[in-house]
Amino acid sequence: MASASVITTPTSEPAAKGEQRGSESPTDPADKKDALVNHMDINVPEAEKRINGALNLHDFYTVYLIETKVTDSVWLSSQKPGSISRLGSLWRRYTEFEILHSYLSAVYPYIVLPPLPEKRVMFSWQKVATDTFDPDFVDRRRAGLENFLLRIASHPILSFNHQFLAFLQQEQGWQPDAKEHGYLQQFAESKLKSMIGLREVDKRFEQVKSYSNELQGNVTNLLRVRASLAERLYGIHKLHASYGRIFSEWSAVERDMGDGIQKAGHYFDTVAAGIDTALEEEELLADQLKEYLFFAGALNAVCCRQEMMQFQVERAQDLVQQHVTKLERVQQGKTSIMSRIFGTVDTDEFREERVSVLEQRIEEYKESVNSTVDQRDTFSKSALEDVKRFQEQKVIDLRETLASYIMLQMKVARKGLTTWTHIRDCLEGIK
């Protein structure tokens, strides 16, 4: 059974325990080194296929077992009574993981959110079916979901979200209110407003967006080449089974050479069979690269949210400018459209009233500008801090993944060298 990759917890970023209603404060003080993973073990050890209703035998779904174990009794005693149990286990569907992901995306828009594992097979080394109930695919998704939970539990801010804790240990009643948090509407707005041109662009986020696109392109190309190479390698190794069959048939007609040829044929079969395990291990490493393919999308999403906030700032500034223009027209004695149409003249009293109303609205809109600017700046600061945390974690993860890939290729090469040495000895031993 595949296992999730080991997550190294960052220790240099700010953390925040607890949460506020609706929107989180990105600058809450907390222990920078603390995260839920320091207090609790989280595992997704198995998956199970179930029938959705007794009458419809063709409607299946998969559930995943989440097991938690509190390892820090001091931390447990500091929690609200009844909120956390020392041991817990429950089953979750993939759609529930998606709800959790969407919720966290809305409540923590400035965080580079850990991605969920793929819903369909991508960059596979075999032409496999797209059956999401395939045991190998289900087990890889199980490992990916465990990694997703560990990523969140390792984050100094996300890990202490009360909704996440409820997801881990409450069978019912954990789901957030979509209307209350508005994450579906926020997602749609971010997609729409990120397409609108801005007068001012934050170069820092433009660099992050450019990097996310480059990261996505490079990882995509890397995965595509790896899949192509693995498929070709698989075909070459499987062709050696033909050598094994031919040598086995040949040994039957050779009286003096038979034993040596037969042994060589067995080693050719070993060459053909040995590639399966190696490529399965390689596929697990490819899943770790796929995670960063999806992380690139998470980076881009943070940049789109910053653009949305900049759009709100500029929209508020436009409202101020529009009312300033109106005020100047009124102060200059220019009549309103209705006055020009009906040939009437605005009285001084009416003009003063309009000036007063416009001045009041201008002040209100200026306050709105200041508020949106503060929100944008706070978001930008917190987002850039989390991007830095992400970059540090990325270096650790990809260095480990690529080093593991090299070690795997070396192991395969050594095993192949040993097998071919045996084949050579068998053929040299023929008398």
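Predicted model: local features only at pLDDT ≥ 70, side-chain atom pairs only at ≥ 80, totals over all residues.
Leu-168 has a relative accessibility of 0%, so this residue counts as buried.

Leu-168 sits in helix 4. Leaving aside residues up to four places away in sequence, Leu-168 touches Leu-36, Met-40, Ile-42, Ile-66, Thr-68, Leu-90 and Leu-149. Along the chain, Leu-168 and Glu-67 are 101 residues apart, yet their C-alpha atoms are separated by 8.0 Å.

Helix 4 also holds Phe-164. Is Phe-164 buried or exposed? Its relative accessible area is 0%, so Phe-164 is buried. With residues up to four places away in sequence again set aside, Phe-164 touches Leu-36, Leu-100, Leu-149, Ile-152, Ala-153, Leu-158 and Ser-159. Leu-36 and Leu-149 are among the residues touched by Phe-164, and they are also among those touched by Leu-168.

## How helix 3 meets helix 4

Two packed helices are described by the angle between their axes and by the distance between those axes. For helix 3 (residues 135–154) and helix 4 (residues 162–169), the angle is about 145° and the axes are 11 Å apart. Their crossing is left-handed. Which residues make the contact? Helix 3 brings Leu-149, Ile-152 and Ala-153, while helix 4 brings Phe-164, Phe-167 and Leu-168. Sorted by class, the contact of helix 3 with helix 4 has 6 nonpolar, no polar and no charged residues.

## Salt bridges

Now to the charged side chains. Side chains of opposite charge can pair when their charged atoms come close. In this model the count comes to 20 salt bridges. Here are three of them, with the distance between N and O atoms.

| Pair | N to O distance |
|---|---|
| Arg-142 and Asp-139 | 3.0 Å |
| Arg-151 and Glu-291 | 2.8 Å |
| Glu-283 and Arg-226 | 3.1 Å |

Arg-142 and Asp-139 both belong to helix 3, where they lie 3 residues apart, about one turn of the helix. Both Arg-142 and Asp-139 are buried.

Arg-151 forms its salt bridge with Glu-291. This pair links distant parts of the chain, with Arg-151 in helix 3 and Glu-291 in helix 8 (residues 258–331), 140 residues apart. Why does Arg-151 count as buried? The cut-off for buried is under 20% relative accessible area, and Arg-151 has 8%. Glu-291, with a relative accessible area of 9%, is buried too.

Glu-283 and Arg-226 form another salt bridge. They also link distant parts of the chain, since Glu-283 is in helix 8 and Arg-226 is in helix 7 (residues 203–251), 57 residues apart. Glu-283 has 5% relative accessibility and so counts as buried. Arg-226 is buried as well, with a relative accessible area of 6%.

Which residues join Glu-283 and Arg-226 in a network of salt bridges? The linked set consists of Glu-118, Arg-140, Arg-226, Glu-282, Glu-283, Asp-287 and Lys-290.

## The chain as a whole

Stepping back, the protein chain has 10 helices and 4 strands. Read from the N terminus, its elements run β-β-β-α-β-α-α-α-α-α-α-α-α-α. The chain has 431 residues, and buried residues make up 42% of them. How much of the contact set joins residues 24 or more positions apart? Among contacts with a separation of 6 or more, such pairs account for 78%.

The mean pLDDT of the protein chain is 83, and 81% of its residues reach 70 or more. Among the elements, strand 1 (residues 40–43) has the highest mean pLDDT, 95, whereas helix 6 (residues 183–193) has the lowest, 50. Over residues 1–31 the pLDDT is below 50. In the model, this stretch has 79 contacts beyond near neighbours in sequence.

Methods:
Residues numbered from 1 in each chain as written. Heavy atoms only, no water. Axes fitted to C-alpha atoms, helices over the stretch in contact; angles between N-to-C directions. Helix = DSSP H or I, 4+ residues; strand = E, 2+ residues; numbered from the N terminus. Left-handed = near helix turned anticlockwise from the far one by under 90°. Contact = heavy atoms within 4.5 Å. Nonpolar A, V, L, I, M, F, W, Y, C, P; charged D, E, K, R; others polar. pLDDT = per-residue confidence, 0-100. Salt bridge = Lys/Arg side-chain N within 4 Å of Asp/Glu carboxyl O. Buried < 20%, exposed > 50% of the residue type's maximum accessible area, 1.4 Å probe, protein only.
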